[in-house]
Amino acid sequence: MAQPRPVETPSDLPGDDEVLRALVGRRDTGRRTDGHRIALVVSGGGMRGAYAGGMAHALDDAGLAGCFDVVYGSSAGAYIGAALLLGDGRGAAHIFFEDMACREFIDPRRLGSRRPMVSLDHLIDHVLASSKPLPWERLRDSPVPLRVLATAVDDLTSHVLEPRTVPEWKVALRATAAIPMLAGRPITLHGRRWIDGSVAEPLPVLRAMRDGATHVLALLNRTVPELRRADPGAGPARWARALDRLAPGLGSIAQESARHGPVLAVLDDAGHPFREGAHLLVITPTEDAGVGGLTTDPVRVELAARGGHAALTAALTRAVIAPSSG
């Protein structure tokens, strides 16, 4: 069996356990009269979402799934957020290694053919219809909003989609996961074309704060060293140049350092002005299970989900048992 690799430098991002204590307070009292606005932010990253899926599973196991005021998600993060809002934290984790780590969903042999390498048809029309059915009407009517992020093709900026009907919700979840060149053509909704939300905004922490969140819990799919590591090489990779042919500038912003740089500056600095007056806690995997965005090895993907569950559980234990920690 594959074994997770220890993180090279297990330093944490500066965070505030008050976020988890606020959630526990709501759970234990059953009230939302605390004056807080608690946001959950779930990062994207394709099959890397297994880490955050495991974290969502742990939140559900702890009885905290119903304690948020708003949920934000890009790409895989939107699917995880939807599952958690609908009370299926277990499914948010298990869907990755039970239903998505397969050639029906990701098959490199389809690259270059007329069929997309990543099949959103399989995910939405099969997995979410029969294997792990998603109650679309409940998602549409949820009192806690799910903010689904997608990247507009025309200006390469991130936007919150605003689906109003069940068919539009299905389109929105396709749009946020429409990986350029790998998942088919951009998705059209409300007269604009959209691609993967994590291209322009992989972790909507800054958006949650701008929207007035007083407490933000962010679930990341990368270890801290991975997040801090800049892209190797001086120039754009070949795939980045190919993306630029799809839309000028797309390749540049899709590279790791460009995508995570702005939010990392806030995550890595407890004194950052953007954090003033807000409580922010970031949960990251503590071990690397060797899962990338297109990994289809179910053993590794399950390890990632279990690692995410363990990371969130450890943070919750720390916050509740040692309330004086910061």
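A crossing of two helices is called left-handed if the near helix is turned anticlockwise from the far one by less than a right angle. That is the case for helix 2 and helix 4 in this predicted model.

Two packed helices are described by the angle between their axes and the distance between the axes. For helix 2 (residues 49–61) and helix 4 (residues 89–100), the axes come within 7 Å and cross at roughly 155 degrees. Angles over 145 degrees count as roughly antiparallel, so helix 2 runs roughly antiparallel to helix 4. On the helix 2 side, the residues in contact are Gly49, Ala50, Gly53, Gly54, Ala56, His57 and Asp60. Helix 4 meets them with Gly89, Arg90, Ala92, Ala93, His94 and Phe96.

Next come the charged pairs. Side chains of opposite charge can pair when their charged atoms come close. The structure holds 19 salt bridges, and one of them joins the side chains of Asp17 and Arg318, at 2.6 Å from N to O.

As for confidence, the chain averages a pLDDT of 87, and 86% of the residues score at least 70. The pLDDT is below 50 over residues 6–10, a stretch with 8 contacts beyond near neighbours in sequence. It is also below 50 over residues 249–254, where the model has 22 such contacts. Where pLDDT is low, the predicted coordinates should not be read in detail.

Note on methods: Residues numbered from 1 in each chain as written. Predicted model: local features only at pLDDT ≥ 70, side-chain atom pairs only at ≥ 80, totals over all residues. Heavy atoms only, no water. Axes fitted to C-alpha atoms, helices over the stretch in contact; angles between N-to-C directions. Helix = DSSP H or I, 4+ residues; strand = E, 2+ residues; numbered from the N terminus. Parallel < 35°, antiparallel > 145°, perpendicular 65-115°, else oblique. Contact = heavy atoms within 4.5 Å. pLDDT = per-residue confidence, 0-100. Salt bridge = Lys/Arg side-chain N within 4 Å of Asp/Glu carboxyl O.
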